[in-house]
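Thank you all for making time this morning.

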Amino acid sequence: DQGEHYFAMELVRGRQLDAYLAARSGPLDEAELRFRLRLFLSLCEAVHYAHQRGVIHRDLKPSNIVVPELDEADGHPSRSSLPASDAAHELPAVKILDFGLARITEGDVDQATAMTEVGIIKGTLPYMSPEQARGDSDAIDLRSDVYSLGVILYEMLTGARPYDTAKGSLIESVRIICEQAPRPLA
């Protein structure tokens with residue numbers, strides 16, 4: 001009424017991906033492994049949907065992925081409360097949040113490029129592709145999100161990240177991401 005522009009967005013109630021997986025009881029047996037892979041496939045489909053529309057997220061990480069809770073009023077229990085063997089049959093939807101660093105690949109390229117400063121690291125370092133960690137905005141494309149998905153998958157399967165970027169300086173962490181091979185899954 002007063003001429004102000006706004007977005008009305010869906011309120012997503014749920015757990016961040018890492019908290020959701022940590023709350024699932026039981027060992028990482030074959031059923032749980034299959035469940036996590038199916039959940040990851042659901043995440044990949046959501047990212048693919050954004051990519052088909054020309055959007056690169058550039059900050060994919062477990063805290064930007066929410067697994068919505070089921071509405072217990074509908075008679076469906078929260079999936080995180082189900083034993084892993086029962087929950088493996090049902091796949092929760094995932095929601096990707098925080099498109100604050102997203103970049104448009106088509107359309108108004110001049111405006112999208114103006115928002116990305118060359119040589120500035122934007123995002124969450126442990127999940128960044130080497131080109132993003134180097135601050136090379138011209139090299140960042142859909143593959144950067146795919147790289148982040150790989151880091152997320154590694155963490156979903158092992159409980160750890162493929163690189164130890166928590167120790168040392170920012171420069172050392174960038175060097176590790178750009179030059180070192182990831183830890184073996186085994």
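How many residues does H6 have, and how far does H6 reach from its first C-alpha to its last? H6 has 17 residues and reaches 25 Å, which is close to the 24 Å expected at 1.5 Å a residue, where the expected span is 1.5 Å times one less than the number of residues.

Before I go on, please keep in mind that this is a predicted model, in which local features need pLDDT of at least 70 and side-chain atom pairs count only at pLDDT 80 or more, while totals for chains, interfaces and linings use all residues. Residues are numbered from 1 along each chain as its sequence is written, and side-chain values use heavy atoms, with hydrogens and water left out.

As for the overall layout, the chain has seven helices and five strands, taken as DSSP runs numbered from the N terminus (helices H or I, at least four residues; strands E, at least two). Of the 186 residues, 37% are buried, meaning under 20% relative accessible area with a 1.4 Å probe, protein chains only.

Let me return to H6, residues 142-158, which packs with H2, residues 30-52, at an angle of about 165 degrees, the axes being 11 Å apart; these axes are lines fitted to C-alpha atoms over the stretch in contact, and angles run from 0 to 180 degrees between N-to-C directions. H2 is therefore roughly antiparallel to H6, a term used for angles over 145 degrees.

From H2, the residues making the contact (heavy atoms within 4.5 Å) include Leu33, Leu37, Phe40 and Val47, and from H6 they include Leu142, Asp145, Leu149 and Ile152. By class, this contact of H2 with H6 has 13 nonpolar, one polar and two charged residues, with Ala, Val, Leu, Ile, Met, Phe, Trp, Tyr, Cys and Pro counted as nonpolar, Asp, Glu, Lys and Arg as charged, and the others, Gly among them, as polar.

Among the buried residues of H6 are Asp145, Leu149, Ile152 and Met156, and the buried residues of H6 pack against H1, H2, S2, S3 and H5. After H6 comes Gly159, with a positive phi near 80 degrees.

Finally, is Ser173 buried or exposed? Ser173, which is found in helix H7, has 2% relative accessibility and so counts as buried. Leaving aside residues up to four places away in sequence, Ser173 touches Leu125, Thr165 and Lys167, and its C-alpha atom is separated by 8.2 Å from that of Pro126, 47 residues apart along the chain.

How values were computed
Parallel < 35°, antiparallel > 145°, perpendicular 65-115°, else oblique. Buried < 20%, exposed > 50% of the residue type's maximum accessible area, 1.4 Å probe, protein only.
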